[in-house]
Every structure is written in structure tokens, then in C-alpha cells.
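Please walk through this model with me, from the whole chain down to a single side chain.

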Amino acid sequence: MATDLFERHEGGERVVMVQLTIDDGEAPEDPHEFEELVRSAGGDPVALITGHRRSPSAKFYAGTGKVEEILAVKEAEEAELVVFNHPLTPSQERNLERELKCRVIARTGLILDIFAQRARTHEGKLQVELAQLKHMSTRLIRGWTHLERQKGGIGLRGPGETQLETDRRLLRARIRAIEGRLDKVRSQRAQSRRSRQRAEIPLVSLVGYTNAGKSTLFNRFTHATVYAADQLFATLDPTVRRVDIEHLGPVMLADTVGFIAHLPHTLVEAFKATLEETLNATLLLHVVDVAADHREHFESEVQSVLEDIGASKIPQLTIYNKVDLLDQPARIVRNGDGLPTAVYLSARDDLGMDLLAEALRERLQENIFKGDVPLTPADGRLRASLYAAGAVEEELFNEDGGSTLSICLPQKDWERLQHRH
């Protein structure tokens, strides 16, 4: 039986979850995250079956005894779906479906299903469809055996192409069409990025493990209304907003898709357009759920994905979010040079957002002019312009009627004012 990824199933399916520990040296997946993934897809997890194997079985991934156990639990719980928290080959999926007499999907299929539900924009939907098609194309080999026969009969005689070959050809054509449309999206994005760079507006991109609170932080900081919820992959489509930071000027803030351990390769490829906002950022804000049980593991997984997409060398500022859950104060952590490296805050409770603005100002101040400017009484217009720009931090008057202004403003604005006056 072939699993159609484009078929939308009603929520609330009873799901048996399977997670085995394999002796391959890799850290085992987090069962709590697995359960959250199933719930995020609209499933109702009724049982978790665990076990241990030296290596996966070629036929079922699990051993035959374990498959019998899964079948017994599935029948006892009247489950409609079995989900493996592992990659399964197409033949393993089909063998399991034959034995368990129900649909079986792997971790990749589960994440694809969540992405399909969450995508809101045209671009997001295209990216999800591309990932699904690429995933499905690997499952066509002997997948639709009932279709692998010559077309025949009156009005159906064709060039002798089997149905399976037709399906493969249509898939390839659809993949090419979507990739072409995504290329167009990327070039439009590059155009708007060039205009941003011409205006010298820094781009700050939020990254982090899924459900770390990026969208809540984004909404609080930009006063936007991006969809935010306590669920995995609440945000799929990139959102960019301009925010003005005092004594710094405009900054573009981008909210991006949450990362997850062992993100399927097809998704990393398909979401390159989304992640471009990360690749072209001046500074990355790595948002971490400070109260999460496996915080260090999540942090290293994010760094691993950043490395995969070529963004590991971009400067980072770590944001430890949700300090309210630990009853901790908001604070800035600095390195030996006094440069902010981390900010502890609570986006939900609006605690420490002023510290975030302060840390951003300091981290982005390479483009900032800060200094003392002596003015004579004849420089009244320049003085008025500096006050109008909100650049004056302090003014000391001299005995001769002049003054010295301590100012802080974007370098390009300072150069423009000097040129004008």
C-alpha cells in the first residue's frame, strides 16, 4: 500500500509511536519531542513502544518480535497509524504496513505533514510541496505495483509507457516547475535585500530550536502579529519587519522556521529560500528556551543546522528566553571586552526587552558614530538637526556661547548631516 502524502487526514487519529535505541553512537531522540511532533500533526498518541537493537533490520527496521508487539498494541488501542521516530526505507514502510495492516510513516513523513498544515504563504506552500514531491519520488520504486502495467483498451492505447513511468515523469516535471517558481522568489528576495543593503540597514535574524519562543519575541519587539503558539513549527514562513532602535536607527528583524534535531535533508534543501534570511544576516539572535530539559542538546543541534546551511560564521547573540519559568532576573552577559554575548529575558512577560535593545545597539554599533562634537553659536541648524534625530545624549555649554554635544547616531546619518550643514 502506498502512502499518499497529499491526502489530508482528519485530526485526532490514534497513533502508536515507535522509538528504538540503535547502537550507532548517535544520541537517542527525545521521546517528549517525538510526542509533541505527533500532537502537532493532529495525532492522538496512545502508546510509545521502545526497544534496543544493535542495527536496524533490513526488512522492518525493528525485529520480528517487536513488530508482533507493535501489532498487538495497535489492535488493543484501536490505533489507525504507526509512526517510527526513525528514517524508514520505502520497502520497510511497505513491509510494516503489510504486517501491521495500517498506515506507517517515518519521522520525515511526520515533519512533512506538520509543515503542510502550517504553511500559510504561497512561497511556504511551494516549499512544502517540493519537499513532499522529493520525498514521494523515492517511494515510487515498486511503490505503486498495481499501476505498473501497460495501458490498454479502446481509447487508452498510448506510446507504451507504463503508469509508473508516467507518474515519475509527471513528478519530475512538477519538481522542475516548482524549483523554477522558487528561483523567482529567491531573485525577488535578493532584489529587496540589495535595496536594504544600499540603505545600509542591518538584518538581524532570529534562529533557534522549534518552540523556543522566537515568534513571541518577534511580536513583542516589533509590535507585529505573527502567529505564535506553544507547538512545534508554529512559524514556517519568513517574516521581516523594520524596527527603530533608539541611538541606532532602523534594523530589519526576521523571524524564521524553527530548527529540529535531524531535520530531514529534503527540508533543508526545500527551505533554502526561507533560510536565506539567516544566511544574509548581519547578526543572528539565537533564541534558547532557558527552562527546557535538554537545553544544551537543543543549542548544539541549532549550531549543527547553521553549519549545514553555511551560516555558522555569522556573529551571534544568544537570547535565553522564558526566564519567568525559572524565576530569574533579566540581565546581559558580556565577554572580557565588555561586548554583550547573551541576554536573559522573558518575551511573554515583556521582561528585559529594553536590555535586548541595548545589546543590539552595542553589537551593531560598528555602523554607529559616537563622540563629542564642539559647536559654535553659528552651528544652530546642525544642533537642531541632531536634537531632531534624537542623537544628543548630553550637552555642555562653554563660556563663549558655544557647546559640546555628546552624540550617538548611525554613521551614514552623521555623514549626511555634516554634508548638509
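Predicted model: local features only at pLDDT ≥ 70, side-chain atom pairs only at ≥ 80, totals over all residues.

Residues are numbered from 1 along each chain as its sequence is written, and side-chain values use heavy atoms, with hydrogens and water left out.

Start with the totals. The protein has 13 helices and 14 strands. Both are DSSP runs numbered from the N terminus: helices are H or I with at least four residues, strands are E with at least two. Of the 421 residues, 51% count as buried. Buried means under 20% relative accessible area, exposed over 50%, and partly exposed in between, with a 1.4 Å probe and protein chains only. The exposed surface comes to about 20700 Å², with 48% supplied by carbon and sulfur atoms. These areas come from the Shrake-Rupley method with a 1.4 Å probe; for residues, only the protein chains shown count as cover. Contact means heavy atoms within 4.5 Å. Among contacts with a separation of 6 or more, 68% join residues 24 or more positions apart.

Now take the sheet of 4 strands. It is open, with parallel pairing and the order β2-β1-β3-β4. Two strands pair if DSSP finds at least two bridges between them. β2 (43–53) and β4 (103–105) are the edges, each pairing on one side only. Neighbouring strands here are turned by 20° against each other on average, direction ignored. Axes are lines fitted to C-alpha atoms, for helices over the stretch in contact; angles run from 0 to 180 degrees between N-to-C directions. β3 (residues 81–84) pairs with β4 over 3 bridges, in the parallel sense. Within that pairing, valine 82 has valine 104 in β4 as its bridge partner. Helix α2 (residues 64–77) packs on this sheet and touches β1 (13–22), β2 and β3. Its direction makes about 160° with that of β2.

Move to the sheet of 7 strands. It is also open, but its pairing is mixed, in the order β6-β7-β5-β8-β9-β11-β10. Its edges are β6 (239–245) and β10 (331–334), which each pair on one side only. Neighbouring strands are turned by 25° on average, direction ignored. β8 (residues 283–289) runs parallel to β9 (residues 316–321), with 6 bridges between them. Valine 287 stands opposite isoleucine 319 of β9. Helix α11 (residues 353–363) lies across β5, β6, β8, β9, β10 and β11, at about 170° to β11.

What does the largest nonpolar core contain? It has 27 residues, and those with the most contacts inside it include Leu285, Ile319 and Leu360. Such a core is a set of buried Ala, Val, Leu, Ile, Met, Phe, Trp, Tyr and Cys residues joined through side-chain atoms within 4.5 Å. α11 gives the most to it, with 6 residues. Leaving aside neighbours within four places in sequence, leucine 360 is in contact with Val204, Phe221, Ile245, Leu248, Leu283 and Leu285. A second, separate core has 19 residues, among them Phe60, Leu96, Val104 and Ala106.

Finish at serine 346, in the loop between β11 and α11. Is serine 346 buried or exposed? It is buried, because its relative accessible area is 1%. Beyond residues up to four places away in sequence, serine 346 touches Asn321, Lys322, Val323, Asp324 and Leu351. A polar atom of its side chain lies 3.2 Å from the backbone nitrogen of aspartate 349.

Key. Polar contact = N/O pair within 3.5 Å; in protein donor to acceptor, adjacent residues only side chain to side chain.
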